[in-house]
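Let's take a walk through this protein together, one piece at a time. Have the sequence and the 3D view handy as you read.

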Amino acid sequence: MDFSSLVAAKEGVGAICNGVKALLDAKEFAAVHEKLLPLLGAAVDANGKLLDVQTVADAAHRRIRELEAEVAALKDWEEDKRRYRLHEVVPGTFVYRVDPAVHGAEPVHELCPNCYQKRVKSILQRGGVEQQHRTLRCPECGSTFLLDRIEAAGYTIDPEPLRSLRTF
Ligand SMILES: [Zn+2]
């Protein structure tokens with residue numbers, strides 16, 4: 001017997017086995033590839049849906065932060081507005097004046113009643129003279145509030161008209 005032929009045959013069988021194995025591997029890869037493609041498609045679709053969910057979640061978080069800020073501002077306003085009382089500065093002119101019992105170190109001041117109803121704290125400022133009346137003016141909404149009437153010519157304007165109007 002020729003041992004070299006046996007070695008060659010063994011080598012040939014080995015090569016065939018390797019080739020079959022390679023074919024089997026290729027066949028398995030094709031099967032896996034065939035099953036993998038739909039999975040990859042599903043994964044891409046799921047990833048897109050996750051991004052959509054993330055976008056919705058981000059918007060929801062933003063809205064929650066906005067609402068929390070609004071609630072905090074409302075709580076602050078509700079607490080602050082208790083410090084003011086409706087006050088008739090002169091007959092027919094109403095403003096909100098800080099309660100003298102709680103104004104602390106702040107100077108006595110008045111708030112615009114229009115802005116007050118809209119939860120805006122707008123401190124009235126001294127305005128000019130309109131229709132022969134001293135005025136208070138709202139810097140926020142521009143409303144003007146008539147105060148006392150300035151009498152005939154020859155008058156002198158009190159340099160502190162608001163102070164003279166305050167009764168407390
Ligand atoms: Zn106002």
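Which residues make up the largest nonpolar core? Before the answer, a quick note on what you're looking at: this is a predicted model, where local features need pLDDT of at least 70, side-chain atom pairs count only at pLDDT 80 or more, and totals for chains, interfaces and linings use all residues. Residues are numbered from 1 along each chain as its sequence is written.

Now the answer. The largest nonpolar core has 12 residues in all: Tyr84, Val89, Val95, Tyr96, Val98, Leu111, Cys112, Leu124, Leu136, Cys138, Phe145 and Leu147. A nonpolar core here is a set of buried Ala, Val, Leu, Ile, Met, Phe, Trp, Tyr and Cys residues joined through C-beta atoms within 7 Å. "Buried" means that 20 or more other C-beta atoms lie within 10 Å of a residue's own; with 12 or fewer the residue is exposed, and in between it is partly exposed, with C-beta atoms placed from the backbone. At least two residues of this core come from each of strand 1 (84-90), strand 2 (93-98) and strand 6 (144-149). Strand 2 gives the largest share, three residues. As background, nonpolar side chains tend to be buried together in soluble globular proteins.

Let's step back to the whole chain. The protein has three helices and six strands, and from the N terminus on the elements run α-β-β-β-α-β-β-β-α. Helices (H or I, at least four residues) and strands (E, at least two) are DSSP runs, numbered from the N terminus. Of the 168 residues, 9% count as buried. Look at contacts between residues at least 6 apart in sequence, and 23% of them join residues at least 24 apart; a contact means that the C-beta atoms, placed from the backbone, lie within 7 Å.

Two strands count as paired if DSSP finds at least two bridges between them, and strand 1 and strand 2 pair in the antiparallel sense over six bridges. You can follow this pairing residue by residue: His87 stands opposite Val95 in strand 2, and Glu88 stands opposite Phe94 in that strand. In general, strands of a sheet pair through backbone hydrogen bonds, either parallel or antiparallel.

The hairpin of strand 1 and strand 2 has two residues between the strands, and Gly92 there takes a positive phi near 90 degrees. Pro91 also lies in the loop between these strands. Is Pro91 buried or exposed? Pro91 is exposed, because 7 other C-beta atoms lie within 10 Å.

From here, hop over to Asp148, which is found in strand 6. Pro91 and Asp148 are 57 residues apart in sequence, yet 9.0 Å apart in space, C-alpha to C-alpha. Asp148 itself counts as partly exposed, because it has 16 C-beta neighbours inside 10 Å.

Arg126 has Leu136 as its bridge partner in strand 5, and Glu130 has His133. The hairpin of these strands has two residues between them, and Gln131 takes a positive phi near 50 degrees. Gln132 counts as exposed because it has 12 C-beta neighbours inside 10 Å.

Most residues other than glycine have a negative phi, and most peptide bonds are trans. Arg119 counts as partly exposed, because it has 13 C-beta neighbours inside 10 Å.

Notes
Contact = placed C-beta atoms within 7 Å.
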